[in-house]
Amino acid sequence: MKQIKRITKINITNGMHWIAIPDVDLYMLCGCPADSVKHLMKRGLIVSTEQDGATFETGPNTILLSDVLVQNGHFSNLAEFPVLQMLYRQGMIIPNHPNNTGVKPRLIGAPDQVQAQMGYIYRGNYGLISKEEIMETGISEEQADEMMRLKLKFAFGSIRPSDSLLDAIPLENQTIEICKGVSIRRVQLNIFEISYGDETVSVDLNLDPGESYTPPYPLGQYQFKREYFGVIHSGEGDGWDINRPCMSSILMYQGHLYLIDAGPNILYSLESLGIGISEIKGIFHTHAHDDHFSGITALIRAGHRIKYFSTPLVRASVAKKLAVLLSIEEEDFYHYFETHDLVADEWNDYEGLEIKPLYSPHPVETNIFIFRTLAEDGYHSYAHYADIVSLSVLEGMISKDGEKQGVSKKFYDQVIEKYSLPANLKKIDIGGGMIHGFATDFRGDKSKKIILSHNSAPLTGEQRKIGSSASFGTTDILIPDYTESAMRVAVEYMCTYFPDAPQNQIRSLLNNQVITFNPGSIIYKEQEISDDIYLVLTGTVETLHGGMGVSGVLSAGSLLGELSCLYRSISQQTYRASSFVRAIRLPGRLYLGFVKKNNYYAQIKAIHQLREFLQNTELFGEAISYPKQSQIAQAIEVVTYKGGKFIKEKGKHTLNLIKSGQVSCMVDNDVIESLGSGDYFGEESALFERPQTYDVKTDSDVEIYKIPSELVRDIPIVRWKLLERSERRRRSILNPEVNTSTTLLWRDAYRVGVKSIDDRHHNLFELGSDYLTTAADESAKISKQKTSLKKFIKQMELCFKAEEKLYTKVSTPETTSHKKKHQVITDTFQEMLILIDTQPATVAAQFFRYFQSRLVKHFLTDDHRCGGILNAMEIF
């Protein structure tokens, strides 16, 4: 008789799986990248059901997280919507619901990923969580009180921590039980075994090299003309619509492109529209819910700092959520985006585009937008009303008592006034329910055209009478472009390559045919000689080398076939349009004449070779625009070193990219990493202008490309990768395989360069080791352990106070938060002191981990940063 399997495993899509064990009511989503809920719905693993008169959805009750947040440039853990689906659409949190059995949804994963997701879900639920946080954005106390009354009404009376909603289960290196005989263990990074009875299944959450997460819907390929003022409709669905992207738009203004919100799979949407990430000038952001926010993580990996427009209220909410998701400091948000704060309820002018953000009632801080600019007959305007509230729901929140949760009648009237403002084109959220709008609220709206959006159901007859629908990729032109803005952009690109070339020569060169290549078209083949050169204006082009597959992606501003054409040499790669591509054909003879006239031959060849090397490195090969690669190539200084020598940074701060040879990164006499061609070191010098925490020794003769730090630190994707590498090397320094001591081992790499601070830090290592030695002594009484731990905490507090006094000489954004970080560290060790009476062994293990992971990290990052500034002030 065939045995019936008790564990069902289904491969959903790349890096995402489903495990079902019905015997114990376990349904596990393994991996939760963007739009994972939509994938489950498409596979029939989330369906509508009915029980005891209640209609609700089935679905997962457990989530297994990826061990790593980012794979191949894509974010692997975005659990907000899967958790919302479990809590509300399944009913696991709803009082008296048949599916509310008292069992909380489970979140399983590496401790750092679980902690990050819990914080990110918390901020996703509530945004700013107190009157004080709201007032820090410049809001008056009276307004903050009103906003908190509204927020608490949406939150059913209280702001609840994530652990009251979810069961967080950290998975380290041991086997743990999930429930009723089901166990899980990590086999290796991102590979797990789940066992029940005598059955075991393996789950691999790793993406293969070059693989990406698959969007749940096909979009096709589109092309459009960049207009003076207009709107591209890039999403009309919601977080549950399996066939369409979430509500969003792309604003066209004077030929430039601006996102309005960034939902899941934003890069896929842009590629379908023939837009490269390098073409996005900015984003106007409404709020921090994932269907409008999760694409922000993709924008961080752009090759330039994208301009971020919103009110300080929304910006603060978004920055806090992003910081906990990525486990970065909140201040780091401003390294990745060029922020432009907008004044709420007023017109803000940006390069002739006027923007009015309007505060809108929602569980998290939200503004809707009206955009306008002048035409010959006056202002033309576009209103983007994402995540508005139903007026009937808001009316039900009116309370005459200013102390109770809800809103005032005055506030309600103000919202009606804002929602009623007319525009040439108005897109509105009609998602319904408690937190979304209804089309009927706009039945008498005076706008010339209304687009109904943010819903997953077909429009009803009544809705179709009120507003229009808009398919993905369609456009509404508010003011046509008669200036051919593409030529202006082309001139900007060429001036980047040839800054000293006469403008008349550049314009003459560009006065040629603009050609459109269809998606999938081969522009040049490998081993062929190019007769002409193409300057890419819009779209993306993939490059392919031999049998290697896609080796790079080129976007607007790239020159295709330049060297092959100039030197009559065969092309070393195939260029293939991955979207609709518009490019200016530069005839070979004309380009050759331009090059000869300005003596650019040697410069082009040298820069091209450097640019090609950069393109093939892990650090610079992804999302860096062609002009930016050229700028870096022009600034590179080539330095050679003999083998067996230590490389010491002198003078200006640079990032060091290895052209040839081998080097070793060392701490004391231990090798923590060996590096070869294409690898790099000096990331801390480039990012923070401070000495490295490790030494670099040449294993052979090496050739180094030195790149000025100011050129790389403001490229978001490069900064992200440098931070990742810095963190990985920091962990290597703390790795038990390197630090084989059973005590807390002090290393010279921990020094910050200020003697008084270094002496106190060194003393903390000794006191911490004393406590651990006492805790490991089985004959030592708990009172003795407690005394030893108290002594450590007292000295740490004295150390922190001395540092804070010294750091008053340093006035930077980082030092303003330094005291708060000290308090968090102190509070954590104080909590251990409370637990030591009942859990001495657990406290000792926690102490060692926290000392190594958090306190030493604080020395290596925050204190190193301030130490470098103090050294510059000649304080040592």
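**Figure 1. Salt bridges in the predicted model.** A search of the whole structure finds 36 salt bridges, each defined as a side-chain nitrogen of Lys or Arg within 4 Å of a carboxyl oxygen of Asp or Glu. This is a predicted model, in which local features need pLDDT of at least 70, side-chain atom pairs count only at pLDDT 80 or more, and totals for chains, interfaces and linings use all residues. Residues are numbered from 1 along each chain as its sequence is written, and side-chain values use heavy atoms, with hydrogens and water left out. The pLDDT is the predictor's confidence in each residue, from 0 to 100.

**Figure 2. The salt bridge of Lys321 and Glu80.** The closest N and O atoms of Lys321 and Glu80 are 2.4 Å apart. Lys321 belongs to helix α9 and Glu80 to helix α2, so the pair ties together parts that are 241 residues apart in sequence. Helices (H or I, at least four residues) and strands (E, at least two) are DSSP runs, numbered from the N terminus. Both Lys321 and Glu80 are buried. Buried means under 20% relative accessible area, exposed over 50%, and partly exposed in between (1.4 Å probe, protein chains only).

**Figure 3. The salt bridge of Glu330 and Lys320.** Between Glu330 and Lys320, the closest N and O atoms are 3.0 Å apart. Glu330 lies in the loop between α9 and α10 (333–336), and Lys320 in helix α9, so the pair ties together parts that are 10 residues apart in sequence. Glu330 is partly exposed, with a relative accessible area of 27%, whereas Lys320, at 12%, counts as buried.

**Figure 4. The salt bridge of Glu462 and Arg443.** Here the closest N and O atoms are 2.6 Å apart. Helix α13 (residues 461–466) holds Glu462, and the loop between β25 (425–429) and β26 (449–453) holds Arg443, so the pair ties together parts that are 19 residues apart in sequence. Glu462 is partly exposed, with a relative accessible area of 41%; Arg443 is exposed, at 52%.

**Figure 5. The largest nonpolar core.** Of its 70 residues, Leu259, Leu299, Leu326 and Phe337 touch the most other members. Helix α9 (residues 312–326) gives the most to this core, with seven residues. A nonpolar core is a set of buried Ala, Val, Leu, Ile, Met, Phe, Trp, Tyr and Cys residues joined through side-chain atoms within 4.5 Å. Leaving aside neighbours within four places in sequence, Phe337 is in contact (heavy atoms within 4.5 Å) with residues including Ile296, Leu299 and Leu322.
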